[in-house]
Protein chains: 2
Amino acid sequence: MFTDKYYMKMALQEAQSALEKEEVPIGCIIVSNDRILAKAHNLTETLNDVTAHAEMQAITSAANYLGGKYLQNCTMYVTLEPCVMCSGALNWSQISKVVIGARDEQRGFINKHLTLHPKTEIILGVMEHECSVIVKEFFKNKR
Amino acid sequence: MFTDKYYMKMALQEAQSALEKEEVPIGCIIVSNDRILAKAHNLTETLNDVTAHAEMQAITSAANYLGGKYLQNCTMYVTLEPCVMCSGALNWSQISKVVIGARDEQRGFINKHLTLHPKTEIILGVMEHECSVIVKEFFKNKR
């Protein structure tokens with residue numbers, strides 16, 4: 001039951017919450033031992049803050065929940081490939097695993113030749129189509 | 001009077017505040033038209049949060065002060081070269097200018113071949129010695 005797809009659906013629900021606020025629809029959750037530690041969606045417009053990406057908020061929130069800054073035994077499910085800022089934060093957090101929905105060729109960390117922490121496993125392409133469509137539709141409607 | 005050195009001394013005072021809390025001593029300020037919009041120092045240990053770098057806090061704080069997320073006509077003075085995370089945040093902020101004290105060859109964004117926003121001017125080496133010594137002494141005493 002608690003598959004990668006199950007959790008990515010929850011991250012997509014977060015992206016949907018962002019969409020309803022006219023935010024770029026990106027969502028993420030952090031899970032440890034099948035317990036949800038954090039849920040977050042992009043709030044850069046609402047908070048007037050470029051740092052308020054879903055991943056940044058979730059990292060802060062999960063660390064707060066755990067009472068420690070390292071996210072060992074934690075997995076992040078995120079609908080879009082993290083940007084440079086968020087990949088840097090994930091690197092510092094030493095998170096165990098990051099599961100990514102859609103790639104972001106332009107803004108994502110992978111094409112910038114950045115890596116996460118050596119301890120971090122990366123899985124790509126879980127519900128890729130759904131995660132990609134929600135962002136593409138958002139920008140199409142913006143134009 | 002309001003020279004780069006003048007403002008870097010203020011950033012160094014922030015680094016000193018971090019040191020007094022046993023935090024890695026890095027400080028920064030954000031200035032616009034000779035008005036200080038934000039002062040911050042590293043608080044990753046105090047807040048148990050890997051994202052609580054001086055630069056991240058200052059970006060959020062200055063945007064809050066301005067009521068807008070873009071830091072146009074703003075200059076950041078930071079004692080140590082920003083890391084990947086902070087360079088990503090600075091890139092999103094479109095800040096006008098970043099003045100850096102000491103280089104961070106290992107963790108800094110420059111050796112990762114990252115760039116800030118095309119609009120952002122970068123100045124290196126203001127009070128480099130003082131900015132470098134405070135961090136080196138901190139890690140020497142940690143060992």
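Helices here are DSSP runs of H or I with at least four residues, numbered from the N terminus, and the model in which they are assigned is a predicted one. By that numbering, α1 of chain B is followed by B:Glu22, whose phi is positive, near 60 degrees. The helix itself covers residues 4-20, and its 17 residues reach 25 Å from the first C-alpha to the last, close to the 24 Å expected at 1.5 Å a residue.

Several side chains of α1(B) are buried, among them B:Tyr7, B:Met8, B:Ala11, B:Leu12 and B:Ala15. An α-helix has 3.6 residues a turn, so residues three or four places apart point the same way. The cover over the buried residues of α1(B) includes the strands β1 (27-32), β2 (35-41), β3 (75-80) and β4 (97-102), together with helix α4 (128-142), of chain B.

Turning to the interface, chain A and chain B each bring 25 residues to the contact, and the area buried between them is about 2,200 Å², with carbon and sulfur atoms giving 67% of that area. On the side of chain A, A:Val50, A:Lys69 and A:Trp92 supply 33% of the area that this chain buries against chain B, more than any other three residues.

Polar interactions also cross this boundary: eight residue pairs are in polar contact, and the salt bridges between the two chains number two. In one salt bridge, the side chain of A:Glu45 meets that of B:Lys69 at 2.7 Å, N to O. The elements that give two or more residues to the side of chain A that touches chain B are α2 (54-66) and α3 (84-93) of chain A, and α3(A) provides the largest share, seven residues. By class, that side has ten nonpolar, ten polar and five charged residues.

Methods
Residues are numbered from 1 along each chain as its sequence is written. Chains are lettered from A and ligands numbered from 1 in the order in which they are written. This is a predicted model: local features need pLDDT of at least 70, side-chain atom pairs count only at pLDDT 80 or more; totals for chains, interfaces and linings use all residues. Side-chain values use heavy atoms; hydrogens and water are left out. Contact means heavy atoms within 4.5 Å. Buried area is the accessible area (1.4 Å probe) that two parts lose on being put together, summed over both. A salt bridge is a side-chain nitrogen of Lys or Arg within 4 Å of a carboxyl oxygen of Asp or Glu. A polar contact is a pair of N or O atoms within 3.5 Å; within protein, one must be able to donate a hydrogen and the other to accept it, and residues adjacent in sequence count only if both atoms are side-chain atoms. Ala, Val, Leu, Ile, Met, Phe, Trp, Tyr, Cys and Pro count as nonpolar, Asp, Glu, Lys and Arg as charged, and the others, Gly among them, as polar. The expected span of a helix is 1.5 Å times one less than its number of residues. Buried means under 20% relative accessible area, exposed over 50%, partly exposed in between (1.4 Å probe, protein chains only).
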